[in-house]
Amino acid sequence: IVIQFVDLRSHVRNSNIGENMRQCGYCLGILADDGVKFRNKASWYSPEIRGDILWREPELAAMGGRYGINLLASDKETWSRGAIDLRDFPELLDFAVSDEILGVAAEYLGEVPVLGEMQLYVTTPMQKNVGNNFYHFDKPYSRQLKFWMAVEDVDAGNGPFTFIPAEPSKIVREKVRYVGRMTDEEVYAAVPESEKIEFTGAAGNALWADTCRCVHFGSRARSR
């Protein structure tokens, strides 16, 4: 028997994603050929698959606000707002552990990546911010890498994920003396509001970000 291991980073050796991540803490839109590669691989983001997942959790749609469906947990007791059995949606896990995804993660983290979570986030209109709708850093890790792909068109009305790049985020952490959630006023007193970046665009658009380095908040849907 022969077992062979290869360097996953070879899949992204000619890509700018890793370099952008190291310098800025994020890579938005996925550059050049990588964008085509990820979109072609992500057949799972079709409305049919998304609808099938949500159909299994109809009580969630009535809750309002922002909720996540944990796509890794097999026991619903481990996630208070629903869990999906990935055996019913193999294309989800195939995508998460594809060479293209793991290669970027290995290049940026400099080690063998561990898949920590997969979630489908849905946001319905809300009138006030709660929890992750406030600015915060993810913890307890010093670094991590998250990959988003929009399953619907995203604009300001349906609440884009919003973040500030790594360098100005460092200023926020130092000036605000970060210990938990932060208001917009606290953050923009440390750095200009113009530093924020909203993850908007058409379905299939993608984003890499290190949410331990980049201060951010979750979707604030107001109109839909």
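**Entry 1**

I looked up strand β5, residues 162–163, and found two bridges joining it to β6, with the two strands running antiparallel. Strands here are DSSP runs of E, at least two residues long, and helices are runs of H or I, at least four residues long, both numbered from the N terminus. Two strands pair if DSSP finds at least two bridges between them. I note that this is a predicted model, where local features need pLDDT of at least 70, side-chain atom pairs count only at pLDDT 80 or more, and totals for chains, interfaces and linings use all residues. Residues are numbered from 1 along each chain as its sequence is written, and side-chain values use heavy atoms, without hydrogens and water.

I then checked the bridge partner of F163 and found I197 in β6. The open sheet has three strands in the order β6-β5-β8, with antiparallel pairing. β6 (197–198) and β8 (216–217) stand at the edges with a single partner strand each, so one side of each has no neighbour in the sheet.

**Entry 2: D153**

Where does D153 sit? I found D153 in the loop between β4 (146–149) and β5. D153 counts as exposed because its relative accessibility is 53%. The cut-offs are under 20% relative accessible area for buried, over 50% for exposed and in between for partly exposed, using a 1.4 Å probe and protein chains only.

I also checked D153 against A202, 49 residues apart along the chain, and their C-alpha atoms are separated by 4.3 Å. Leaving aside neighbours within four places in sequence, D153 is in contact (heavy atoms within 4.5 Å) with N158, G201, A202 and A203.

**Entry 3: helix α7**

Which residues of α7 (residues 166–176) are buried? I listed A166, P168, S169 and V172. They cover an arc of only 160 degrees around the axis, so they are on the same side of α7. The arc is taken from the directions from the helix axis to the C-beta atoms. An α-helix has 3.6 residues a turn, so residues three or four places apart point the same way.

The buried residues of α7 pack against α1 (17–24) and α8 (184–190). On the face turned away from the buried side I found the exposed residues E174 and K175. Just after α7, R177 takes a positive phi of about 55 degrees.

**Entry 4: rings**

How many aromatic pairs does the structure hold? I noted seven. Rings of Phe, Tyr and Trp (its six-membered ring) pair if their centres lie within 6.5 Å; planes under 30 degrees apart are stacked, over 60 edge-to-face, and the rest tilted.

The F95 and F147 rings have centres 5.8 Å apart and planes at 50 degrees, so this pair is tilted. F95 lies in helix α5 (residues 90–96) and F147 in strand β4, so the pair ties together parts 52 residues apart in sequence. F95 is buried at 4% relative accessibility, and F147 is partly exposed at 23%.

Y135 and F217 form an edge-to-face pair, 4.9 Å centre to centre with 80 degrees between the planes. Y135 is in the loop between β3 (119–123) and β4, and F217 is in strand β8, 82 residues apart. Y135 is buried at 0%, and F217 is buried at 5%.

I also found one aromatic cluster of Y26, W148, F161 and F163.

**Entry 5: charges over rings**

A charge sits over a ring if NZ of Lys or CZ of Arg is within 6 Å of the ring centre and within 35 degrees of the ring normal. The charged end of R173 sits over the ring of F137, 3.8 Å from its centre. The charged end of R143 sits over the ring of Y108, 5.2 Å from its centre.
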